[in-house]
Amino acid sequence: MRFLGVLAVALGLAACSRPVPPAPTAEQALALAPADARLATLYADSCKACHAIPGTGAPLVHDRKAWDPRWKQGEAVLLDHTVQGFQAMPAGGQCVACTPSDFNALIRFMAGREDSAG
Amino acid sequence: MKVSRRDALLVGAGVGVAAVGGGYAVATHDKPEPSAPPTTDARGHLLWRNWSGVQHAYPAVRLAPKTEAEVAQGLRTAVAPVRPVGAGHSFTALAPTNGTLVSLDGISGIIGWEGDEAVVAAGTRLGGLGPALAAKGRAMANLPDINKQALAGALATATHGTGATIKALHGDVTALRLVTPQGEVIDCGEDRDADIFQAAKVSLGALGVIIQVRMKTTANRRLERNVWLEPFEDALAKAEERWARHRNYEFYAVPFTGLAACISHDETDAPALARGPDQDTIFLDALKGMRNLLGFSAPLRKAAAKTLLGGTKPEKAIDEGWKLLSTERPVRFNEMEFHLPVGVQLKALAEIVAVIEKERPDVFFPIECRRIAPDDAWLSPFQGEPRGSIAVHAHYKDEFAFLYTLIEPIFRRYGGRPHWGKLHSVTGGQLETMYPRWNDFLKVRAQLDPDGRMLNPYLKGLFGV
């Protein structure tokens, strides 16, 4: 049992040992963009107006500290909040041309979770 | 020593907590998120909703053309009603359609220059247009309170800023390129298809899709922005003199405080001075907190506001105009704005503040008061004479029917014309009495869209079609 306890602590430490990247500076946030050209255009036309500017109330792009609690709710919840609007977030992020898969990809990009694409 | 609005409000919050203990929980209590329509409808069509959330639809088709040819082809075959949409900032039902929603996001950027006039793709967001014009040393003469809108949407609804000598945005338009519902491309201006031009400058997206705008620009001057609080009575007494003196001047009557927040902008060559972090959102939160805590007593609420806010320090910033004239508005709201003859604007404002303080203790949003120069677009609310605008807001979680029952009758009694993108209940015959060229507009509309393919139920009602 003691061994299992030590193992659990060790696993916990291992899980915690992956550091959360620091939040981008204002200049870095402005320069970030999705690699995909279509997504980059959608992002620039809509999301960027709030999510790349500190102080707008929107979680800053690639700011894992701000995004991680949201990410834990699950992608389906985040998609609903995005399409329906939620608190300060206007419905659809004011992106009329975005499809649900675009929204999912944009959320992953802004949340710093592009490795979760699937 | 004077303190900033932020400092005053933070200290005030602490005092409030100490004084009333559990009152902090009441002050910061938030209403639940309003129920939202489903993300998709029974047909699997994705939800579209406006910025405030008060309008929604499930368009069968969404078009996102990137070229003039794609717009024309799309319009020829689109499922009606066809509605163009920009950023979705209109509170009225201009955009909702279960037919075809046409996004202008792909029609964006500066296309070229004709002297100092910029030729701009109509889907360009105002927030992106500022830096693009500044790269050429130019600027729009004025900007609205926010800059998230698409240019076409801002023009379609006669969106405006403030300034006694500065026109609404469409007042600087010198030519337009319009794609009709039949896919015909029309270039119009003061000397070419002038009737279509005067109708199209402010046209609610009802004549087709405007894809290109030629507009006057001004030198990209640096402005000095000043923000200060003062007694509401002083703001009323000094408003006319300030509109005459400042390039841009507006003030917000803050109900249940006895105060007004005043904002001026004037050209300067002084060195830049950073604007600093957003104070308005903190200010709004404090007003909401006082509403929640002291809404049962207007005198107590007013006394608390004067104590917390009365000695706050003015704010000053200096920068290029496109960086200062608009403000981030992360708190969503619903809004009614009417444009009144200037001679009755302040009287109407005083009456509105009085009736809100008497009958609506739930209201906490400041009431915006602006001035706009006249122009000649047929459906411009500023057509023929300068107008004074008054805008009343309700937090997006709050009930807003009072705007129709309590506020709109005052606006109407004083001869106000409604903002096309903001809540109102004015229709057909009433609009005919407000706009001398109303029937001329309807003739152009019928000529360009004889089958009414651009009309959703809201627009049919508005036009009496």
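User: In what order do the elements of chain A run from the N terminus on?

Analyst: The order is α-α-α-α-α-α. This is a predicted model, in which local features need pLDDT of at least 70 and side-chain atom pairs pLDDT 80 or more, while totals for chains, interfaces and linings use all residues. Residues are numbered from 1 along each chain as its sequence is written, and chains are lettered from A and ligands numbered from 1 in written order.

User: What makes up the secondary structure of chain A?

Analyst: Six helices and zero strands. Both are DSSP runs, numbered from the N terminus: helices are H or I with at least four residues, strands are E with at least two.

User: Why is B:Leu204 called buried?

Analyst: B:Leu204 has 24 other C-beta atoms within 10 Å. A residue is buried at 20 or more such atoms, exposed at 12 or fewer, and partly exposed in between, with C-beta atoms placed from the backbone. So B:Leu204 counts as buried.

User: Which peptide bond is cis, and where is its proline?

Analyst: The bond from B:Ala80 to B:Pro81, with omega near -5°. Most peptide bonds are trans. B:Pro81 sits between helix H3 (68–77) and strand E4 (82–85) of chain B, in the loop.

User: What do the buried residues of H5(A) pack against?

Analyst: Helix H4 (64–71) and helix H6 (100–110) of chain A, plus strand E1 (48–49) of chain B. A contact here means C-beta atoms, placed from the backbone, within 7 Å. Among the buried residues of H5(A) are A:Leu78 and A:Val83. Just after H5(A), A:Gly85 takes a positive phi of about 85°.

User: How many residues does each chain bring to the contact?

Analyst: Chain B brings 30, chain A 19. On chain B, E1 and strand E5 (100–103) each supply at least two residues.

Definitions and conventions. Contact = placed C-beta atoms within 7 Å.
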